[in-house]
Amino acid sequence: MSTYPMTVQGADALREELVYLKQTKRPEIVASIAEAREHGDLKENAEYHAAREEQGFCEGRIQDIEGKLGNAQVIDITKIPNTHKVIFGVTVTLLNIDTDAEVTYQIVGDDEADIKNNRISVNSPIARALIGKTVDSEVEVKTPGGVVEYEIISVEHK
């Protein structure tokens, strides 16, 4: 079975979502189904079918989260010595050599990736190009728009 790399914060977020789904969402859905049943004929009851569909999505997500947490490899970056190398969990600041634009990313697990919050998956092309490199290294990243060259300005363990 494969393991899923995950930061401590990512694992905590999944646990919180699991608790919410099991303790809040699931009982709400059960109540919705019970209320819809009281309205009579289930064949033509749209509320009942919608509640059952929502229940299916909720149970599927619960199973998905439990599976991921069961196979998670939680990595606490604060317990790893800072060697100024890019590894899973670090926050790296890059300088685009062509445009002089700076960008900062945290390298996280697939489920934690959120480009709007500058969190990229360890399996993304940028992260794969950066892993193992050190500060002041130049890296080439193959993107759909062509090759982009970056210089690593800083690597932080947060």
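Reader: How far apart do the end C-alpha atoms of residues 84-156 lie, and what share of the span is helix and strand?

Author: This is a predicted model, in which local features need pLDDT of at least 70 and side-chain atom pairs count only at pLDDT 80 or more, while totals for chains, interfaces and linings use all residues. Residues are numbered from 1 along each chain as its sequence is written, and side-chain values use heavy atoms, with hydrogens and water left out. Helices (H or I, at least four residues) and strands (E, at least two) are DSSP runs, numbered from the N terminus. In residues 84-156, the end C-alpha atoms lie 7 Å apart, and the span is 8% helix and 45% strand. An unreviewed UniProt entry lists these residues as "domain: Transcription elongation factor GreA/GreB C-terminal".

Reader: At what angle do helix α1 and helix α2 pack?

Author: Axes are lines fitted to C-alpha atoms, for helices over the stretch in contact, and angles run from 0 to 180 degrees between N-to-C directions. Helix α1 (residues 8-37) and helix α2 (residues 46-70) pack at about 160 degrees, with axes 9 Å apart. The two helices are therefore roughly antiparallel, a term for angles over 145 degrees. By class, their contact has 13 nonpolar, two polar and 13 charged residues. Here Ala, Val, Leu, Ile, Met, Phe, Trp, Tyr, Cys and Pro count as nonpolar, Asp, Glu, Lys and Arg as charged, and the others, Gly among them, as polar.

Reader: How many salt bridges does the structure hold?

Author: A salt bridge is a side-chain nitrogen of Lys or Arg within 4 Å of a carboxyl oxygen of Asp or Glu. The structure holds 10 salt bridges. One of them joins Glu 17 to Arg 61, with the closest N and O atoms 2.9 Å apart. This pair links distant parts of the chain, as Glu 17 is in helix α1 and Arg 61 in helix α2, 44 residues apart. Another joins Lys 25 to Glu 54, with the closest N and O atoms at 2.8 Å. Lys 25 lies in helix α1 and Glu 54 in helix α2, so this pair ties together parts 29 residues apart in sequence.

Reader: Which residues are linked with Glu 17 in a network of salt bridges?

Author: The network links Glu 17, Arg 61, Asp 64, Lys 68 and Asp 111.

Reader: What does Glu 17 count as at 27% relative accessibility?

Author: Buried means under 20% relative accessible area, exposed over 50%, and partly exposed in between (1.4 Å probe, protein chains only). At 27%, Glu 17 counts as partly exposed.

Terms used. Angles under 35 degrees count as roughly parallel, over 145 as roughly antiparallel, 65 to 115 as roughly perpendicular and the rest as oblique. UniProt positions are given in the numbering used here, feature names are shortened, and annotations may be inferred rather than shown by experiment.
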